[in-house]
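Start with the overall fold, then turn to the metal site, the charged pairs and the surface.

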Amino acid sequence: MADVDVAATQLAIADLSGTVIARDTVDMSVDGGPEKLLEAVSERLRSMLDEHDHDPARVRHVVAGLPAPVDFQRGCAVRPPIMPGWDGYPVGDYLRGQFGAAVTVDNDVNLMALGEATQDMADTPLLFIKVASGIGAGIVTADGSVHRGADGAAGDIGHIRAPTRRDVVCRCGKTGCLEAVASHRAVLADLGITPSSYDDRLHASRELARLVADSDTSALHRIRQAASDIGEVVAMLIHTLNPRTLVLGGPLSELQDEILSGVRAAVYEQALPLATRKLIIMPSQLGADAGIFGAIALAGREAFSQAGVGRLLAEA
Ligand SMILES: [Zn+2]
């Protein structure tokens, strides 16, 4: 499994029961392009297999999560806003060539949603909302599979119009998008905290958490506004999807009390009782591990699918 993020990729190897055998991280930015990163990831995965006496030729399934819209059928990112050189690059084909195994490439938020759905108390249907530098949703259906939509664009909620501040220009070129007014980045920018590098971003998150802990009025006001904007869009999704569980994840949701209560208030105010009567709203249980656990769940599911069992029998 490889969960690619902007600055680092988390790796894991699991057996068919879903038990993690080994984990590691490759610290490399996606800015250097797909070849360099995928080569480093493949090399590290092979040495992890080797270190644990597993033959790379016996790998059943490789799952890669990308922080971008993904064409699930072709196994590639589609017009990613933050990943130069990745648009249309055949990530699935590359990894298939490296490991000779079946490969699934998916959006990172879809995998995070799947990971959260493996947790106790997280009944499906489950809606996962990631609030980071962008805002995205992952939808796990009642039978435990990801709802990706016809083009893999399901859950791409960051560019739905937010109810307030329609004048703010988004990186997509439209104005008033949810992620332009309520993402982690938007909140930091409005408070004058402008990180340039990944380390700065971690520092910026801590700075924001400190302001909130100190009850800084403008920080609290700005976060509550963001939570309310997110909550209004989420309320609409609750009506459309009627999930049993709503999970909030990503760095902004680490300010759990403020964000959770704001979203909860907006959802209960906007959505009708039938859709919220049994709804559970909770913070992420897995945090930064959600993507990798979702990848393991997806690989297990694929390995035991009709096609997966067919491949297993053909090789036996
Ligand atoms: Zn936008």
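**Overall fold**

The protein has 11 helices and 11 strands. Keep in mind that this is a predicted model. The C-alpha trace spans about 60 × 45 × 35 Å along its principal axes. How does the radius of gyration agree with that of a compact globule? For 316 residues, the compact globule would have a value near 20 Å. The protein has 20 Å, so the two agree. Of the 316 residues, 49% are buried.

**The zinc site**

Now turn to the metal. Which residues are the protein donors of the zinc ion? They are His159, through ND1, and Cys170, Cys172 and Cys177, each through SG. These donors lie 2.0 to 2.3 Å from the zinc ion. In sequence, the donor residues follow the spacing H-x10-C-x1-C-x4-C.

The angles give the geometry. Ideal angles for four tetrahedral donors are 109.5 degrees. Around this zinc ion, the four donor atoms subtend angles of 106 to 118°. Four donors count as tetrahedral if all angles lie between 85 and 135 degrees. The arrangement here is therefore tetrahedral.

Cys177 has a relative accessible area of 1%, so it is buried. Cys172 has 40% relative accessibility, so it counts as partly exposed. The cut-offs behind these words are under 20% for buried and over 50% for exposed, with partly exposed in between.

**Charged pairs**

Side chains of opposite charge can pair when their charged atoms come close. How many salt bridges does a search of the whole structure find? It finds 12.

Begin with Lys130 and Asp108. Their side chains meet in a salt bridge, at 3.3 Å from N to O. This pair links distant parts of the chain, 22 residues apart. Lys130 sits in strand 8 (residues 126–131), and Asp108 in helix 3 (residues 108–117).

Move on to Arg222 and Asp190. Their side chains form a salt bridge at 2.6 Å, N to O. Here, too, distant parts of the chain are linked, 32 residues apart. Arg222 belongs to helix 7 (residues 217–241), and Asp190 to helix 5 (residues 184–190). Arg222 counts as buried because its relative accessibility is 8%. Asp190 is at 42%, so it counts as partly exposed.

Arg44 has a relative accessible area of 24%, so it is partly exposed.

**A nonpolar patch**

Leu16, Phe304, Val309 and Leu313 make a nonpolar surface patch of about 380 Å². Where is Leu16 placed? It is in the loop between strand 2 (9–14) and strand 3 (20–26). Leu16 counts as partly exposed because its relative accessibility is 42%.

Terms used:
Residues numbered from 1 in each chain as written. Predicted model: local features only at pLDDT ≥ 70, side-chain atom pairs only at ≥ 80, totals over all residues. Heavy atoms only, no water. Patch = residues over 30% accessible without salt bridge, like charges linked within 9 Å, V, L, I, M, F, W, Y side chains within 5 Å. Areas by Shrake-Rupley, 256 points an atom, 1.4 Å probe, with all protein chains shown as cover. Salt bridge = Lys/Arg side-chain N within 4 Å of Asp/Glu carboxyl O. Helix = DSSP H or I, 4+ residues; strand = E, 2+ residues; numbered from the N terminus. Buried < 20%, exposed > 50% of the residue type's maximum accessible area, 1.4 Å probe, protein only. Donors = N, O, S within 2.8 Å, 3.2 Å for Na, K, Ca; no water. Tetrahedral: all angles 85-135°; square planar, octahedral: opposite > 155°, others 65-115°. Rg over C-alpha atoms; globule rule 2.2 N^0.38 Å.
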